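The sequence and the structure come first.

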Amino acid sequence: MNATPGDRLRDLMRRPTPVEAMSCHSPLSALVALEAGFPALWASGFELSALYGLPDAGLVSMTEHLEMTRRIVERTNALVIADLDTGSGNAVNAAHAMKLYASGGAACVVVEDKVFPKMTSLIPGGRQELIRVEEYQGKIAAMIEAGGRHGPIMAARTEALVAGGTVDEALERGEAYAEAGAELLLVHSKGPTSTEIEDFIARWSGACPLIIVPTAFPAFSREMAARSGKVGVMVYANHAVRASVAAMRQAFAAIRQAGAAEAAEGMIAPTADIFELQDMAELKRLEDKFLR
Ligand code: SPV
Ligand code: MG
């Protein structure tokens, strides 16, 4: 039998360098991330929210995010780390979500220790409220039981630092989550430098490998993560949507100004590229074989 996505990611994490996951919000962005050589993908809640022009605050439903994840896996068969926000409710809801994402082909699911509805993490001065440690441990345990031995990796996520807590508090929560069975711990930080996260990493017991999301401290590198020996995964969490917005702005402004599409020709992907991403070659093969 083929290894499950969870076990494929477990295997990949045995290597000494962290697994780098690029964000995506669609099969197309996933394909571009894979083309760039990323071995894993981050199915971002922030990016999907942004795609709908909405804040990342529990407004996009789990069903919509699950559908995105499923379509990414179907199209790419890639290792997808799914961002489940708060798991859509309590331990029972989170366990249910685990089953759905397992059948959707996720390799890992991440649930954060915030109240529902969550507030996006990196907004300055945002409302950030954490749930009790025991309650969150119950969520972890319920998700692990629901996922099973070869199911998606259950990654805990503490927002203690994002909520203005100390590194001590974040460590305490992290240890409690690893004790409850989390296989990975995402510790999020707003930066503005990597000092706080480096302090956390240095003092982390190593009870499980860490996921680091260096959005607010982008100078934090793969080499730094590898040197610590404690980072299992690096997530570039919102770079697909930010790169797309920047590229669209540039091309749209050029066309608008010139009044001719030619002005953007050098900045946009040739249609041939898009055909390739759409796998037109397979369509052609099917037509040649079956259209009689
Ligand atoms: C996401 O990409 O949705 C994340 C990472 O959870 S962050 O937006 O930084 O919280
Ligand atoms: Mg998120």
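D83 counts as buried, because its relative accessibility is 5%. The model is a predicted one, and the values below are computed from it. D83 belongs to strand β3, which spans residues 79–83.

Leaving aside residues up to four places away in sequence, D83 is in contact with W42, A43, S44, G45, F46, H65, V110, E112 and R157.

## Packing of α5 and α6

Helix α5 covers residues 91–103 and helix α6 covers residues 133–147; their axes lie 8 Å apart and the packing angle is about 30 degrees. Angles under 35 degrees count as roughly parallel, and α5 and α6 are therefore roughly parallel to each other. Their crossing is right-handed.

On the α5 side the contact is formed by A91, A94, A95, M98 and K99, and on the α6 side by G138, K139, A142, M143, A146 and G147. Sorted by class, the residues in this contact of α5 with α6 are 7 nonpolar, 2 polar and 2 charged.

## Packing of α2 and α4

The crossing of α2 past α4 is right-handed.

P27, A30, L31 and L34 of α2 meet R71, I72, R75 and T76 of α4 in this contact. The contact of α2 with α4 comprises 5 nonpolar, 1 polar and 2 charged residues.

In soluble globular proteins, nonpolar side chains tend to be buried together. Here the largest nonpolar core has 55 residues, and within this core F200 and I212 touch the most other members. Helix α7 (residues 167–179) supplies the largest share of the core, 6 residues.

With residues up to four places away in sequence left out, F200 touches V167, A170, L171, L185, V187 and L210. Another core, of 20 residues, lies apart from the largest one and includes V19, A40, C108 and L186.

## Cis peptide bonds

The peptide bond from F116 to P117 is cis, and its omega is near -5 degrees. P117 sits in the loop that runs between β4 (108–112) and α6.

The peptide bond from G191 to P192 is also cis, with omega near 5 degrees. The position of P192 is in the loop between β6 (184–187) and α8 (195–203).

Is S194 buried or exposed? S194 counts as buried, because its relative accessibility is 14%.

S194 and A219 are 25 residues apart in sequence, while their C-alpha atoms are 7.8 Å apart in space. Beyond residues up to four places away in sequence, the residues that S194 touches are F217, F220 and M224.

S88 is not a glycine, yet its phi is positive, near 60 degrees. S88 lies in the loop between β3 and α5. With a relative accessibility of 35%, S88 counts as partly exposed.

D279 likewise has a positive phi, about 60 degrees, without being a glycine. D279 is placed in the loop between α11 (271–277) and α12 (280–290). Its relative accessibility is 34%, so D279 counts as partly exposed.

G266 lies in the loop between α10 (239–258) and α11. At 82% relative accessibility, G266 counts as exposed, since the cut-off for that class is over 50%.

How far apart are the C-alpha atoms of G266 and Q278? These two residues are 12 residues apart along the chain, and their C-alpha atoms are separated by 21 Å.

Methods:
Residues numbered from 1 in each chain as written. Chains lettered and ligands numbered in written order. Predicted model: local features only at pLDDT ≥ 70, side-chain atom pairs only at ≥ 80, totals over all residues. Heavy atoms only, no water. Axes fitted to C-alpha atoms, helices over the stretch in contact; angles between N-to-C directions. Helix = DSSP H or I, 4+ residues; strand = E, 2+ residues; numbered from the N terminus. Parallel < 35°, antiparallel > 145°, perpendicular 65-115°, else oblique. Left-handed = near helix turned anticlockwise from the far one by under 90°. Contact = heavy atoms within 4.5 Å. Nonpolar A, V, L, I, M, F, W, Y, C, P; charged D, E, K, R; others polar. Buried < 20%, exposed > 50% of the residue type's maximum accessible area, 1.4 Å probe, protein only. Core = buried A, V, L, I, M, F, W, Y, C linked by side-chain atoms within 4.5 Å.
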